[in-house]
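Please keep the sequence and the model at hand while reading.

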Amino acid sequence: MSNRLSRIYTRGGDKGQTGLADGSRVAKYHPRIEALGDVDELNSLLGCVLSTREADDTTALLRRIQNDLFDLGGELAVNTPDYVVIVADTIDWLEQELEQINASLPPLEEFILPGGKPDAAQLQLARTVCRRAERRLVELAEAETVNPQAVAYLNRLSDLLFVLARSLNRAQGEADILWQPRKPG
């Protein structure tokens, strides 16, 4: 593989703009950059989860998701409707993983609070960042062309992160932390 980056800093963003893969420049607060940043933040959070775990099926799953998120970031950076990496098969795979993990969990009878073991709590945080990335992508799609499969991917991914957090807690002997609602009045 050739060197992609020979220099890390370019000084190109010093005036509040950043470059897309096609060479165009947009403001650093452009909705496309906001969405890209949220996807990047989500990927980094998954890296934090992975840094605390030994290799197993969960780490393999999260590594694949990290690669998918990098692909999604590429779609956003290239900014052309012809460059599509996240496809229906990618979402089908997520749904299969989600169903398999969820099948091993007891049904939810109440809302649960984020928390439990550190890796599960971090996955709950990743879920919230995933939801934000999804909202940013929907916002971007109102103004520009966005791969609808990318929005669907983030929607399913947030669900998968939720059940995966429950599963990790359960595997480590931690029960769901149930919401204790106050009585109105």
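Which helices each supply at least two residues of the lining of the largest pocket? They are helix 1 (31-51) and helix 2 (57-78), where helices (H or I, at least four residues) and strands (E, at least two) are DSSP runs numbered from the N terminus. This is a predicted model, in which local features need pLDDT of at least 70 and side-chain atom pairs count only at pLDDT 80 or more, while totals for chains, interfaces and linings use all residues. Residues are numbered from 1 along each chain as its sequence is written, and side-chain values use heavy atoms, with hydrogens and water left out.

**Overall fold**
- The chain contains 5 helices and 4 strands, which follow the pattern β-β-α-α-α-β-α-α-β along the sequence.
- Its C-alpha atoms fill a box of roughly 50 × 50 × 30 Å along the principal axes.
- Of the 185 residues, 37% count as buried (buried means under 20% relative accessible area, exposed over 50%, and partly exposed in between, with a 1.4 Å probe and protein chains only).

**Largest pocket**
- The largest pocket holds about 440 Å³ of space; a pocket is an open set of points on a 1 Å grid over the protein atoms alone, with protein on both sides within 12 Å along at least five of seven lines, and lining residues have an atom within 4 Å of a point.
- Of the 14 residues that line this pocket, Leu 36, Phe 70, Gly 73, Gly 74 and Ala 77 are the closest to its centre.
- The pocket lining divides into 8 nonpolar, 4 polar and 2 charged residues.

**Largest cavity**
- A search of the whole structure finds 1 cavity of 30 Å³ or more, a cavity being a set of grid points where a 1.4 Å probe fits but cannot get out.
- About 50 Å³ of space lies in the largest cavity, and its lining includes Leu 113, Pro 114, Arg 166 and Ile 177.
- Strand 3 (112-113), helix 4 (118-143) and helix 5 (148-171) each give two or more residues to this lining, and helix 5 gives the most, with 3 residues.

**Nonpolar surface patch**
- Phe 111, Leu 113, Ile 177 and Trp 179 form a nonpolar surface patch with about 390 Å² of accessible area together; patch residues have over 30% relative accessible area and no salt bridge, and nonpolar side chains are joined within 5 Å.
- A salt bridge here is a side-chain nitrogen of Lys or Arg within 4 Å of a carboxyl oxygen of Asp or Glu.
- Trp 179 lies in the segment after strand 4 (177-178), and Trp 179 counts as partly exposed because its relative accessibility is 38%.

Conventions:
Patch = residues over 30% accessible without salt bridge, like charges linked within 9 Å, V, L, I, M, F, W, Y side chains within 5 Å. Areas by Shrake-Rupley, 256 points an atom, 1.4 Å probe, with all protein chains shown as cover. Points joined across faces, edges and corners; volume = space filled by probe spheres on them. Nonpolar A, V, L, I, M, F, W, Y, C, P; charged D, E, K, R; others polar.
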